[in-house]
Amino acid sequence: SLGQLKPISIEEVEETGVVGVSEIAHLDQQQLLSLDACMECGRCDDACPAFASGKPLSPKALVQDLKGLMQATANGGSVALHGDTIQAETVWACTSCNACVTACPVRVDPLGLLFDLRRDRAAEGALAGSAANSMRQMQTKGNPWGFPQAERLVWAEGLDVPLASDHPDFEILWWVGCAGSFDRRAQKVTRAIAKLLIKAGVNFAVLGPNECCTGDSARRLGDEFLFQELAEKNHSTLKQHSVRKILTQCPHCMNSLTHDYPQFGDQFEVVHHTEFLQQLIDEGKLTAPKRNGSVTYHDPCYLARVNGVHQAPRDLLGDGVSEMEQRREKTFCCGAGGGRMWMEEEADQRVSVLRAREAVETGAETVAVGCPFCLTMMTDGVKSCGSGAVVEDVAENLAKRLGL
Ligand code: SF4
Ligand code: SF4
């Protein structure tokens with residue numbers, strides 16, 4: 001289902017010697033059948049942000065090229081998959097936004113194919129540059145930026161934010177995430193959320209230095225075993241604190257905790273901060289003063305399309321949101337997913353600029369988001385469009401209205 005990847009085990013790899021897909025024979029039966037099922041309608045291309053931004057990725061061509069290789073291989077051909085049939089740039093261009101998956105009328109999963117190709121490439125050490133560096137930092141430092149874990153709580157200075165180790169009777173664990181902990185801009189969102197939680201009297205706690213990257217982008221860049229290493233570490237921390245309910249401000253952490261972690265025995269109720277804040281308002285624990293000024297809302301892929309959360313952020317913003325054409329489950333990516341956050345991007349191929357243009361065209365003074373990566377991408381994109389629109393998280397918008 002959406003947002004999920006099938007796990008692979010070390011035992012499996014030791015037995016087969018195969019990680020991911022480097023030849024047609026490595027595709028499973030369902031994938032082979034899906035190549036045949038493709039009717040070349042092009043709906044996946046129409047929805048694909050990588051394709052729209054001029055990157056060398058067309059999900060339709062990917063499927064057709066693999067189909068061609070499947071037929072050629074069946075006829076005794078010996079053309080290679082990687083390099084001869086599918087170029088490396090194609091494999092890494094995907095933002096894992098899932099738009100092609102939901103657009104396809106016959107349930108072909110171009111993203112699933114790309115994930116499998118990435119696993120092979122990652123195992124072969126083919127991931128280089130800034131993304132490879134971020135993966136290394138995840139492994140050695142526990143976060144993609146490489147900050148010392150001890151600094152995970154610097155954002156909370158001056159705020160009364162309880163640590164799970166000091167406050168074991170918390171009701172909800174707040175998973176702040178690497179971006180919310182370390183990214184200077186995202187830290188402001190984190191502080192806004194903290195103030196809102198404190199004002200509402202929520203019994204929460206954070207893990208601070210014991211929180212480690214979920215490994216979401218490692219998994220989606222194809223490094224399954226780095227992901228599993230990080231998941232194992234977090235699994236034991238969460239178990240140690242008997243965590244059942246998690247609040248998160250990052251849709252990628254949310255998706256990983258919801259769809260990846262249960263594969264390793266974890267079961268949590270995971271809630272995004274926009275849903276949680278709206279609940280607090282519904283319960284009368286917070287008020288939502290009327291908004292001044294016009295606003296549009298950019299739906300993060302992993303929040304709206306993959307996990308179906310798109311009404312709560314709008315409710316929080318209040319009446320009269322200036323909507324973009326591509327919204328809710330049919331949102332258009334900001335360009336950061338699938339590990340693309342950690343890659344350099346050609347200036348004329350930025351997905352963020354395409355999306356920011358759409359946001360700016362609504363004429364809204366504020367572009368609201370619900371994801372720290374969208375925040376970075378949309379801020380850059382809006383600037384590139386020459387617009388003075390303010391890009392901020394929905395929580396910041398609410399906190400401001402409450403004078404926090
Ligand atoms: S997941 Fe998104 S970026 Fe990747 S191929 Fe599909 S539509 Fe394109
Ligand atoms: S949307 Fe599905 S059927 Fe249409 S071209 Fe893409 S993969 Fe093929």
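The largest cavity takes residues for its lining from both domain 2 (139–279) and domain 3 (289–401), so it lies between them; the domain bounds come from an automatic or database domain assignment. This is a predicted model, in which local features need pLDDT of at least 70 and side-chain atom pairs count only at pLDDT 80 or more, while totals for chains, interfaces and linings use all residues. Residues are numbered from 1 along each chain as its sequence is written, chains are lettered from A and ligands numbered from 1 in the order in which they are written, and side-chain values use heavy atoms, with hydrogens and water left out.

**Cavities**

- The count comes to 6 cavities of 30 Å³ or more, a cavity being a set of points, on a 1 Å grid over the protein atoms alone, where a 1.4 Å probe fits but cannot get out.
- The largest cavity has a volume of about 220 Å³, where grid points are joined across faces, edges and corners and a volume is the space filled by probe spheres set on the points.
- Of its 25 lining residues, Asp216, Ser217, Cys250, His252 and Phe373 are the closest to the centre of the largest cavity; a lining residue has an atom within 4 Å of a point.
- Helix 10 (177–182), helix 12 (216–220), helix 14 (251–260) and helix 19 (372–384) each give two or more residues to this lining, and the largest share, 4 residues, comes from helix 10; helices are DSSP runs (H or I, at least four residues) numbered from the N terminus.
- The lining of the largest cavity has 14 nonpolar, 8 polar and 3 charged residues, where Ala, Val, Leu, Ile, Met, Phe, Trp, Tyr, Cys and Pro count as nonpolar, Asp, Glu, Lys and Arg as charged, and the others, Gly among them, as polar.

**Largest pocket**

- The largest pocket has a volume of about 750 Å³, a pocket being an open set with protein on both sides within 12 Å along at least five of seven lines.
- Its lining comprises 24 residues, with Ser1, Gln4, Gln30, Asp109 and Gly112 nearest the centre of the pocket, and helix 8 gives the most to it, with 6 residues.
- By class, the lining of the largest pocket divides into 8 nonpolar, 9 polar and 7 charged residues.

**Domains 1 and 2**

- The C-alpha centres of domain 1 and domain 2 lie 32 Å apart, and 8 residues of domain 1 are in contact with 7 residues of domain 2, contact meaning heavy atoms within 4.5 Å.
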